[in-house]
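Work through the exercises below with the model open beside you. Try each task before reading its solution.

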Amino acid sequence: MTYGLNDVVIHRQMIEESASPGAQKRVERQKLESMLAYCESARCRRVILLDYFGEQATPCGNCDVCLEPPILWDGTVAAQKALSAALRTGQRFGAGHLIDILRGKNTEKVQQFGHQGLPTFGVGADIDERGWRSVFRQLLAAGLLDADASAYGALKLTDSARPILKGETRLQLRRQVERPKSRATRSSRVGTGNAASSGASRSSDSPLLASLREWRLAQAREQGVPAYVILHDRTLGEIAALLPASVSALLAVPGIGAAKAERYGDALLALVAARH
Ligand SMILES: [Zn+2]
């Protein structure tokens, strides 16, 4: 699942700076945190989603986690290094600078603060920058680090970080897997949605779009409603172009809200998984 560390910091900043009352902000923060945990989780997406709604489920076999189970590694030592880099620099810096310290990069900023003299300087050279970004994201998602919105996203340790630092708890992390770029290009039909269309497939459709249309037609017949009530043409086109591989990716498709994702998510993800 791709999102940047900066997205997390910016999103948190937006929440803190919004005019919403405190209670609302707390809810927003919790939502962001559960979203983060969702993104970084090594559990089946369906299991987590239903768990969130208080239901038990078996792994779906269709989501990105089920299809490509993440490789877990013992990230305890890496986490300790990352946390102590934040601690030893006064919890005043963001991930970028901390990663430079860990990787032993002699940047201007490192010189300026004399951080090349820290015991943590260069102790993380065995992990590349991408790998460290993934570690920091997971530390944020696990609530071991907190990005301080009032201090430009400076990373601060939370109380839960202590047992890790002391070596009392071990931490499993997901390995960042190199994924091939999506093969799909946006089809020219995307956006030419026509609410009056029958829902039948067209000869110019990609195989995936054709099977999405067939599925929608069957749904429409079963429910006795017009095809566009199930999903708009435009939404089908977006699914065919974006190839969502998880419920959260599906939720990012215009026209798919929580209700549609819950109702049709499994079927749509299965169609995407089967056709590309
Ligand atoms: Zn699954």
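Helices (H or I, at least four residues) and strands (E, at least two) are DSSP runs, numbered from the N terminus. The model is predicted: local features need pLDDT of at least 70, side-chain atom pairs count only at pLDDT 80 or more, and totals for chains, interfaces and linings use all residues. Residues are numbered from 1 along each chain as its sequence is written, and side-chain values use heavy atoms, with hydrogens and water left out.

**Exercise 1. The zinc site**

Task: Find which atoms coordinate the zinc ion, and describe their arrangement.

Solution: 
- Start with the donors, which are N, O and S atoms within 2.8 Å of the metal (3.2 Å for Na, K and Ca); water is not among the atoms, so sites may look incomplete.
- Cys44 (SG), Cys60 (SG), Cys63 (SG) and Cys66 (SG) coordinate the zinc ion at 2.3 to 2.4 Å.
- Next, take the angles. Four donors count as tetrahedral if all angles lie between 85 and 135 degrees.
- Around the zinc ion the four donor atoms subtend 103 to 117°, so the arrangement is tetrahedral.
- For comparison, the ideal angle for four tetrahedral donors is 109.5 degrees.
- Now read along the sequence: the donor residues follow the spacing C-x15-C-x2-C-x2-C.
- Cys44 sits in the loop between H2 and H3, and Cys60 in the loop between H3 and helix H4 (64-67), so this pair ties together parts 16 residues apart in sequence.
- Finally, check exposure. Buried means under 20% relative accessible area, exposed over 50%, and partly exposed in between (1.4 Å probe, protein chains only).
- Cys44 is buried at 6% relative accessibility. Cys60, at 23%, is partly exposed.

**Exercise 2. The second largest pocket**

Task: Describe the volume and lining of the second largest pocket, and explain why it lies between two domains.

Solution: 
- First, the terms. On a 1 Å grid over the protein atoms alone, a pocket is an open set of points where a 1.4 Å probe fits, with protein on both sides within 12 Å along at least five of seven lines; lining residues have an atom within 4 Å of a point.
- Grid points are joined across faces, edges and corners, and a volume is the space filled by probe spheres set on the points.
- The second largest pocket holds about 660 Å³ of space.
- Its lining has 24 residues, and Lys31, Ser34, Met35, Leu36 and Tyr38 are the closest to its centre.
- Which helices supply at least two lining residues each? They are H1 (5-17), H2 (22-40), H3 (45-52), H13 (247-251) and H14 (258-275).
- H2 gives the largest share, nine residues.
- Sort the lining by class.
- Domain bounds come from an automatic or database domain assignment.
- Because domain 1 (5-174) and domain 2 (207-275) both give residues to the lining, the second largest pocket lies between them.

**Exercise 3. Positive phi**

Task: Find where Gln91 and Leu243 lie, and decide whether each is buried or partly exposed.

Solution: 
- Most residues other than glycine have a negative phi.
- Gln91 is not a glycine, yet its phi is positive, about 55°.
- Gln91 lies in the loop between helix H5 (76-88) and helix H6 (95-103). It is partly exposed at 23% relative accessibility.
- Leu243, also not a glycine, has a positive phi of about 45°.
- Leu243 lies in the loop between helix H12 (233-242) and H13. With a relative accessible area of 11%, Leu243 is buried.

**Exercise 4. Helix H6**

Task: Explain why H6 is largely enclosed, and name what follows it.

Solution: 
- Seven of the nine residues of H6 are buried, so the rest of the structure largely encloses H6.
- The buried residues are Ala95, His97, Leu98, Ile99, Asp100, Ile101 and Leu102.
- Take His97 as one of them: its relative accessible area is 6%.
- His97 and Thr107 are 10 residues apart along the chain, with their C-alpha atoms separated by 8.9 Å.
- Gly104 follows H6, with a positive phi near 70°.

How values were computed: Four donors count as tetrahedral if all angles lie between 85 and 135 degrees; four count as square planar and six as octahedral if opposite donors are over 155 degrees apart and all others between 65 and 115; anything else is irregular.
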